[in-house]
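This report considers selected local and overall features of a protein model. Please keep the sequence and the structure in view while reading.

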Amino acid sequence: MSLRDLRGRTAIVGVGTAGCGEAHGMSDLEILSQAAKAAVEDAGLAMKDMDGLCTANLNSAMWPLNVVECLGIRPKFVDGTNIGGAAFVAHQLPAMLALNAGLCDAVLVCYGSTQRTATFGRKERTAARNILDPNPFEGPYQPFNPPSSYALIAARHMYQYGTTRRHLAEVAVAARKWAQLNPEAFSRDPLDIDTVLKARMISDPFSAYDCCLVTDGAAAYVMTRADRAKDLKKKPVHILSNATAAWHRSVSGMRDLTVTPSKESGERAFAAAGLGPKDIDVVQIYDAFSINTILALEDLGFCGKGEGGPFVENGAIAPGGKLPVNTNGGGLSCVHPNMYGAFATIEAVRQLRGECGERQVKGAKTAVVNGNGGTAASSQSTSVLATAGAL
Amino acid sequence: MQTNEQGGAEARYQAALNEGRFSIQRCNDCHKHVFYPRVVCPHCGGASLAWVEPKGTGTVYSTTTVRRKPEAGGDYDVSLIDLDEGVRMMSRVEGVPPAEVKIGMRVRAKVVDNKGAGLVVFAAEEAK
């Protein structure tokens, strides 16, 4: 079986989010449960129908066990792979294989984090990880990660291609303009380029607005085989392809700071889907930092290498621009609870269903989702999604 | 042959640094240099990696200034350095303000004491 053989044979049939922004007093597992329930009900299924599970968490090495116990499910297929925030896009391929091999009938992909409001939050987790999973060849230099690693990537891109801080700011402003059309987005205040440029610097060339939000949030979606999907409650969104590339852990292990794993995952995903960038109506890119959007647009082939800065100029990826990118507001302005991949997937599904209200991209039939993982564009996973009519 | 008494590659690298010596590896099979230290060559899969002393010279491949409050020590540099042997490492460039560290700058390694452990940092070649 090749990736091409799986084209369109799996669909996303239910999506749900919970606890986005601030979920005071709630645990990771509690908001994950709420999102899972919402996704299952959205599909018109019951929790007991979930006989496949894909999930991961930054604090827990055996997180699928926490989830099966809490939800009361006994899945026949479990994938707990954690390659960072790309995981919840990368979970699709093993789930597609398991579903189409008949190992299971419905896979629940789910995630939840209360990093913003939890007592054991971001600061404590970072300190613990430095002990449990040290990086002896970078740690002593105290990079403020993840911002510093992506800042090194951005600085090299600027040096090689003349990308400017203003180009990066265009990405942040476009994300904010989409967020202003999304009632569920966390940051909706007006934002302009000068404000981004003059904001507090974090790790050059990034100011605070080049960096993703730190919020709570949970997201879940349900996958089934296409033949079953057509009888369910909502219009199915078919997965034409999914491909993942994992290249390194640390920024010092990245061979060319201006080329990301999306170059490989995007080529494989587009080839299997039989589509190219020009066929795509809406793009959801994991924007951990402003540079991520520029790099993904280049590496997925929406523009040439080094042309990402000019490509995003003059509101080109903002509402009303030439390419709708991160229509929920992305990790920069909508939601970012440590790992965002499932949220990017869900926004693509909602766009292809036509459920996006004021921010709806009219007639959207195809979408690309590009997950990003790790502290240095370490792993990336690309999916091409389409409505039944665009199969 | 490397023995357990001498420690693994990481331990031996640090032990040498603690004595003020900066060493990297070179694969006896494919002859490429390797950093960080490993027990299996990431280029060819070979398991015979020799320790060599690098020239110590290199070029800044990328750089960022990490912003920190003055009371916590102020801003500092984090850079990626390409050694002339063809390997890359994270480090910092000392002796110039962080904002003056530039991509393409020629730098030279030195081993400094970091809380009792040896650490490789770099200085701008002109400023040595």
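A:I193 counts as buried because its relative accessibility is 16%; buried means under 20% relative accessible area, exposed over 50% and partly exposed in between, with a 1.4 Å probe and protein chains only. The model is predicted, so local features need pLDDT of at least 70 and side-chain atom pairs pLDDT 80 or more, while totals for chains, interfaces and linings use all residues. Residues are numbered from 1 along each chain, chains are lettered from A and ligands numbered from 1 in the order written, and side-chain values use heavy atoms, without hydrogens and water.

A:I193 belongs to helix 8 (residues 193-198) of chain A. Helices (H or I, at least four residues) and strands (E, at least two) are DSSP runs, numbered from the N terminus. Beyond its neighbours within four places in sequence, A:I193 is in contact with A:R166, A:A169, A:E170 and A:V173; contact means heavy atoms within 4.5 Å.

In helix 11 (residues 290-299) of chain A, 10 of 10 residues are buried. Among them are A:I291, A:L295 and A:E298. After helix 11 comes A:G301, with a positive phi near 95 degrees.

| Property of chain B | Value |
|---|---|
| Span of the C-alpha trace along its principal axes | about 50 × 30 × 25 Å |
| Buried share of the 128 residues | 44% |
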